[in-house]
Amino acid sequence: MKQQNRSRHRKPNLQQTGNDKEKHSSVQSEKDSKNRVSLELVIFRTSFAIILVGFLVYGLYMSYSVAKSSERVDGRTVVQRDNGDTFVELDSDIDDTEDGTVSSKEQQRKPSVKQEIPVKLSEKSETETPTEKKPLQPSKTDQTQKSRLSKSQNQNGGKSQKNNKQKTTTLSSGNVKEIEKEVEEFKATYLKKMSPKKIFVDGRRLPPVELLPQKPNNSSVRVFLYDEFLSEQECDGLMRAHDSHVKESSKINPLICFDTIETLRKHIKTARKKVKVTPADFIPGTFCVNETFSRQLSDWLKSNWSYSTAFYPGESKFSKIMEFRVKEATQLQPENGGKFQITSYPQGIGYKTHTDCIEDNTDERDRMATILVYLQDVEDGGETKFPELGIWVKPRKGRALVWNNMNEDGKCEALSVHNAAKVNKGHKYILQRWYYYKNFYSLGKRPPEPELPVRASGTPRVNCDEYEKGSCRWYDEWNYEHLVDYRNQRINLK
């Protein structure tokens, strides 16, 4: 018993206690060391993650910046919608939505090429109204106007010219020779007739209905109708893309061009304005009036015109779908087709009586057939009328009209004359394409835009011609018809 009490009250072994403390201290310092290493590892990993995220954000920012820098090509602006659709004027690399319509995220124009004439002078230019025009010879503008034009260019210059460097490429001598060789080797094909037949599209049965003339005639002109040729989704997509591009392009005032000075004077007379007009009011080398006068005319004419935007074969999946559908339904060959054009007619606007081909023309490179598709119903007005045949058609969403303008011998049929009645109530939209009797190298290819007239990037063009037969039309692209030299050279070739 005493032995147990002694052991209970025995003094602790100081040496052993010290060893235990040292051991405990060693374990603790080892833990602290591990904790420090873990903390340093966490800090390192966190820092590395932050740096990695930073690089990722920077990469996305640079990608976004590059995308933004290419959003304007040849003056066309890409518009991003809230629903994700993107559009530049129908006019170039157009993407398609899931339903096949043109939403066009790629509709940024192909780089324009600084080249005086887009094709050899022997090639026919694809223009809106193929009628013969007298050449207007505007005199040189006075130095004040030239100075103003130069100043206008310089004001846009810093930004505009900088952008043009990104958007414009020049052809090398090798490319020019290659194109010249392609032109020389190009073999034209002829399209002498169409043969409408029934087709099926996405479960829709599309039989052609021939619209018989209500007036006796000996013409070869035949007019056919297809209902539901385009689906509702296709029509809606085309209209959205068109409206978006017109809205964006309309932020810049258009330059107005005329076929003759007499046409300009008649428009001024209609507007009940007393203004003396001389060739000096035209921009040098063109049939377009200067920026100040164009703005004044827009007010006087109350922007009383239709709006047209264009896209070209191969610029979208839809263009391939459309040309294949037309080929299956009518036997109109894609290689003889030109550009696709969407035109909208606001209330009060129509198109005067005209032919799509040139009467008494010996050039076989002319519009043999036309296909026109209505993209929406029109509440009142907007009919397509063939007055000499006694045929008229009311706009209906998805409905297509197709007719021949020339006979099988390549002669323009005078009885193909037609017009678009004014829209009395509502808004009219159409998609159209022209097919040529004899095709040519530049047909269906987007031409490089001319440098004249001097203009801000993205400036639209309004073309007013043939006062009695034509009308004023707004375009998102520039061709060469407004150039004095180009028109004179065409006259001299005859």
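**Reading a helix pair and a core**

Guide: In this predicted model, Leu264, His267 and Ile268 of helix H6 meet Phe293, Leu297, Trp300 and Leu301 of helix H7.

Visitor: How do the residues of this contact divide into nonpolar, polar and charged?

Guide: Six are nonpolar, one is polar and none is charged.

Visitor: What describes two packed helices?

Guide: The angle between their axes and the distance between the axes. Here H6 (residues 261-270) and H7 (residues 291-301) pack at about 45 degrees, with axes 9 Å apart. H6 is therefore oblique to H7.

Visitor: Is the crossing of H6 and H7 left-handed or right-handed?

Guide: Left-handed.

Visitor: Turning to the core, how many residues does the largest nonpolar core have?

Guide: It has 34 residues, and those with the most contacts inside it include Phe229, Leu230, Met322 and Leu431. Among the elements that each supply at least two residues of this core are helix H5 (232-249), helix H8 (317-330) and strand E22 (428-436).

Visitor: Which residues is Met322 in contact with, leaving aside neighbours within four places in sequence?

Guide: Phe229, Leu230, Phe340, Val373 and Leu431.

Visitor: Does Arg325 count as buried or exposed?

Guide: Buried means under 20% relative accessible area. Arg325 has 7% relative accessibility, so it counts as buried. Arg325 lies in helix H8. With neighbours within four places in sequence left aside, the contacts of Arg325 are Ile199, Val201, Arg204, Phe229, Leu230 and Glu234.

Terms used: Residues are numbered from 1 along each chain as its sequence is written. This is a predicted model: local features need pLDDT of at least 70, side-chain atom pairs count only at pLDDT 80 or more; totals for chains, interfaces and linings use all residues. Side-chain values use heavy atoms; hydrogens and water are left out. A nonpolar core is a set of buried Ala, Val, Leu, Ile, Met, Phe, Trp, Tyr and Cys residues joined through side-chain atoms within 4.5 Å. Buried means under 20% relative accessible area, exposed over 50%, partly exposed in between (1.4 Å probe, protein chains only). Helices (H or I, at least four residues) and strands (E, at least two) are DSSP runs, numbered from the N terminus. Contact means heavy atoms within 4.5 Å. Axes are lines fitted to C-alpha atoms, for helices over the stretch in contact, and angles run from 0 to 180 degrees between N-to-C directions. Angles under 35 degrees count as roughly parallel, over 145 as roughly antiparallel, 65 to 115 as roughly perpendicular and the rest as oblique. A crossing is left-handed if the near helix is turned anticlockwise from the far one by less than a right angle, and right-handed if clockwise. Ala, Val, Leu, Ile, Met, Phe, Trp, Tyr, Cys and Pro count as nonpolar, Asp, Glu, Lys and Arg as charged, and the others, Gly among them, as polar.
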